[in-house]
Amino acid sequence: MAFSQALARRTWARWGGAPRRALLTLTVGSIAGAIALPLGVTFWYGVSAGPALWATLWHVRLLPLLGNTLALAGAVTAGSLLLGVLLAWLVERTDLPGRKIFGPLLTATLVIPCYLIAIWHVSFWGPGGLLARGLEAIFSASVSVPSIYGFLGVWLILVMATYPYVYTLARAALRSLDPQLEEAARSLGARRLTIFTRVTLPLLAPALAAGGLLAAVYVLSDYGVVAALRYETFTTAIYKQLTGRYDQAPAAALSTVLIALTVLLLVVQQRLWGRGRHYYKASQKALPLVRLGPWKWIALGSVGLVLLLGLLLPVGVSLYWLLEGLVRSNPSAVLWGASFPDLLRYAWHSLVSAGGAASLGLLLAWPLAYRAVRYGQRGLTRLAQAGQALPGVLIALALAFLLHRFVPSLYFTVWALIGAYIVRFFSHALQATEAGLARVPVRLEEAARSLGHPTLSVWRRVTLPLVAPSLAAGWTLIFLNALRELPATLLLRPPGFDTLPVRLWIAAGEGFYAQAAGPALLLIVLSLPMLYLLRVGDRPEVRHGD
Amino acid sequence: MSLVKRSLLLAVLLLAPTTLAQPSGELIIYSGRSEPLIVPVIRLFQQQTGVKVTLQSGSATALANLVLQEQPNPRADVFIANDAGTLEFLKLKGALQPYISEKTRAIPEQFRARDGSWLGVSGRSRVLMYNTKLLKPEELPTSVFELTDPKWKNKIAMATTRNESVVAWVTALRLTKGDEFTKEYLFKLKANGIVTLNGHTDVRKAVGRGEFPLGLVNHYYYHLELRDGSPVGVLYPDQGPTDLGVLVNAAGAAIVKNAKRTKEAQLFLDFLASPQAQKLFAELNFEYPLLPGVPTAPGVRSLETIKLMPVRLDELGKELEKTLKLLDEVGLG
């Protein structure tokens with residue numbers, strides 16, 4: 001007995017806590033594996049589709065789809081780069097009136113899910129829409145409105161949805177520029193344009209590349225906007241294939257191509273991210289603002305136009321439809337379950353699934369983040385971020401396949417939905433937890449322990465309070481993203497478990513805009529905490545810690 | 001907030017979903033029909049019988065796939081499809097449970113499965129609708145085979161080929177005209193710039209608003225658009241003495257094999273065959289009631305006056321997979 005105790009003590013001493021680390025590695029490995037599994041399965045499923053299938057796809061589908069998708073991704077990236085940089089420059093570097101208000105307001109478009117922006121633009125510009133009706137009422141003759149459907153419409157909406165990525169990063173980069181560099185250039189006789197292209201732009205390049213790639217990845221994963229505006233990309237093609245055919249091999253094969261494209265972009269993004277030029281910002285003096293002069297009005301007009309298209313029009317149109325639904329009581333309102341208790345039920349479903357995903361996601365992210373921060377082992381963490389390469393449609397495909405094979409009792413349950421959200425948004429959980437843990441000095445924990453506090457007490461009194469703000473931010477981010485998730489929810493929701501996005505999507509798809517307005521507005525209201533998060537992100541020093 | 005409170009909150013958030021996991025004691029229906037076309041019928045059923053219904057709406061094929069995958073332990077009790085082919089396909093895969101009663105027997109034989117595996121409840125014919133502001137009656141085509149003519153380039157809308165009514169129509173073309181002809185025809189339609197929209201509701205609205213002069217739809221979509229006040233007309237193609245006729249398909253329902261609430265499911269099928277339900281399909285949706293004696297809605301052309309394609313509904317199911325393969329080879333959106 002005494003001998004075995006001594007042996008145990010000696011073993012423990014020799015291995016120095018290695019068993020604990022092995023256990024941690026095991027846990028981390030299984031979580032990362034589980035999160036990355038859907039990506040792997042879809043990829044493998046698609047690759048193993050027979051050559052005959054690939055040949056058919058190649059002849060019939062792939063080229064047009066690649067053309068459509070890449071053209072859109074390219075055009076949207078270019079558009080949001082231009083718009084994002086222009087807006088950031090106007091807000092940061094010119095004497096634009098009201099720039100203090102416009103600054104944060106220009107990111108507020110992120111509060112509205114982009115498929116909602118698309119739906120309301122269709123109901124406004126579309127044939128027989130509000131604009132056409134209004135014009136007809138004024139001129140008492142039908143006036144033709146240019147079609148919102150197709151490439152141009154999709155492009156416009158997606159630029160509205162993605163420019164905030166570029167804008168936020170470009171603004172932060174503009175702020176951190178050392179004014180002395182530009183002053184030096186000016187003193188050497190360079191003109192304003194030369195200064196911009198030779199000094200400012202190269203310094204902004206890393207931020208722009210990162211923002212642009214975010215926009216491109218977004219375009220690849222978007223389902224709602226392209227579907228609402230009748231444009232075919234990989235996501236809509238896969239969705240159609242999934243819902244309209246019994247054989248799911250073609251959907252998986254198309255998914256493989258999409259995954260390859262997305263992973264390629266993400267790898268490039270990671271490379272560029274690390275390449276930021278670091279230099280010492282010697283002067284804290286702010287640069288003199290550029291005087292816009294008469295250009296002021298054009299600048300104000302364009303900022304106003306962006307806010308109108310991205311924020312005011314969608315909110316205004318949904319309010320209009322809500323009022324119309326209330327005033328003209330429509331028998332179909334009953335039919336659509338647009339009554340208040342029904343609305344609350346959908347909201348409850350949304351809250352539960354999104355909240356569950358946020359809580360569970362953070363819980364699962366903890367060991368991974370802990371291992372990454374404390375032991376510097378990030379390999380498995382990378383693996384677990386794979387989910388962000390998967391558009392919602394693909395996650396649904398992969399989870400349906402996996403659950404049906406191995407855990408049929410979970411197939412089409414709330415848990416499947418929560419699982420899909422976790423896979424999709426796990427990288428947010430990881431980043432938040434890692435950022436939080438990085439702020440906890442190990443010495444502080446050790447000090448507490450040396451003062452006789454047991455492990456649990458150390459965690460409770462030292463670690464948690466320090467990590468909590470990051471966890472709260474991460475929770476909110478996952479929650480909000482899951483709340484507005486559309487394609488995976490459409491495909492995986494259990495019977496009777498409609499969420500707000502699902503309801504508004506089905507109603508809008510049938511043209512019952514008044515019945516889509518209630519869930520839409522409720523979704524926007526529930527997304528308002530996003531504004532707080534954006535404000536935090538607005539000040540880069542807060543986001544990056546000290 | 002104390003740690004205890006915090007962990008309680010976490011526990012609540014984690015456990016809340018389990019309480020919502022599955023409704024019990026309710027009839028679960030998977031419906032592949034457009035939601036507004038089926039909800040009134042289900043409401044009436046709930047009122048009359050007191051049986052609670054959970055409705056899952058979606059694409060008929062996706063839900064049929066789910067019915068297949070969930071065997072032998074299905075969640076759904078009843079499956080509703082917009083196409084007899086899909087129902088027959090499920091029957092051939094052994095996923096349905098036969099049910100014949102006095103009430104279901106009142107539906108004519110050609111509209112239900114021979115062994116009672118599925119029951120047709122409402123009929124629809126494949127027609128063309130047009131915008132009367134854009135087309136004069138003398139400009140109209142008389143046959144679907146004229147739609148490959150360059151004069152219709154970019155002017156026709158149809159529902160996507162993942163829509164089961166479209167698939168059934170293509171199967172009927174294959175059965176009557178052969179695979180090669182059908183494939184060629186679809187390629188020509190594609191080359192002629194036919195536009196495929198998300199569903200028939202989109203097509204009828206697009207034609208009603210004048211985005212497209214012509215649309216390929218089921219007949220009741222024309223009536224629904226007319227009721228909404230749009231300037232639309234209808235055209236029954238291929239009606240000449242030597243012509244092919246139009247396809248008449250049936251939307252229907254079936255009891256899923258191993259269903260947990262068989263009794264309620266049978267009650268529901270009986271209800272669908274009842275005069276009240278049949279009247280709803282006829283009056284709200286402008287479909288053909290299949291129960292003899294129930295009149296079609298005013299303005300709807302009765303089945304007896306239409307020349308029909310010589311295709312049996314059960315053949316639509318047997319040929320389903322071949323049609324899907326052909327459609328994927330054409331790649332018509």
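Predicted model: local features only at pLDDT ≥ 70, side-chain atom pairs only at ≥ 80, totals over all residues.
View 1. Helix α22(A) spans residues 500-509 and is mostly covered, with 9 of its 10 residues buried. The buried residues are Leu500(A), Pro501(A), Val502(A), Arg503(A), Leu504(A), Trp505(A), Ile506(A), Ala507(A) and Ala508(A). The cover over these residues includes four helices of chain A, namely α5 (114-125), α15 (340-375), α21 (487-492) and α23 (513-526). It also includes a helix of chain B, α2 (35-49). After α22(A) comes Gly511(A), which has a positive phi near 85 degrees.

**View 2. Crossing of helices α8 and α9 of chain A.** Helix α8(A) covers residues 179-187, and helix α9(A) covers residues 192-221. Their axes come within 10 Å and cross at roughly 145 degrees. The crossing of α8(A) and α9(A) is right-handed. On the α8(A) side, the contact is made by Leu181(A), Glu182(A), Ala185(A) and Arg186(A). Ile195(A), Val199(A) and Thr200(A) make the contact on the α9(A) side. Sorted by class, the residues in the contact of α8(A) with α9(A) are 4 nonpolar, 1 polar and 2 charged.

**View 3. Val76 of chain A and its contacts.** Val76(A) is part of helix α3 of chain A, which runs over residues 51-93. Val76(A) counts as buried because it has 27 C-beta neighbours inside 10 Å, and the cut-off for a buried residue is 20 or more. Leaving aside residues up to four places away in sequence, Val76(A) touches Trp155(A), Leu158(A), Val159(A), Thr162(A), Ala215(A) and Val219(A). Of the residues listed, Val159(A) is 83 residues from Val76(A) in sequence. The C-alpha atoms of Val76(A) and Val159(A) are 5.5 Å apart in space.

**View 4. The contact between chain A and chain B, with the side of chain B in detail.** Chain B contributes 37 residues to the contact and chain A contributes 36 residues. In chain B, the elements that each supply at least two residues to the side touching chain A are α1 (3-19), α2, β2 (53-57), α3 (60-70), α7 (200-209) and α12 (320-330). Helix α1(B) gives the most to this side, with 6 residues. By class, the side of chain B that touches chain A has 16 nonpolar, 13 polar and 8 charged residues. Helix α2 of chain B, one of the elements on this side, is also among those that cover the buried residues of α22(A).

Notes: Residues numbered from 1 in each chain as written. Chains lettered and ligands numbered in written order. Buried ≥ 20, exposed ≤ 12 C-beta atoms within 10 Å, placed from the backbone. Contact = placed C-beta atoms within 7 Å. Axes fitted to C-alpha atoms, helices over the stretch in contact; angles between N-to-C directions. Left-handed = near helix turned anticlockwise from the far one by under 90°. Nonpolar A, V, L, I, M, F, W, Y, C, P; charged D, E, K, R; others polar.
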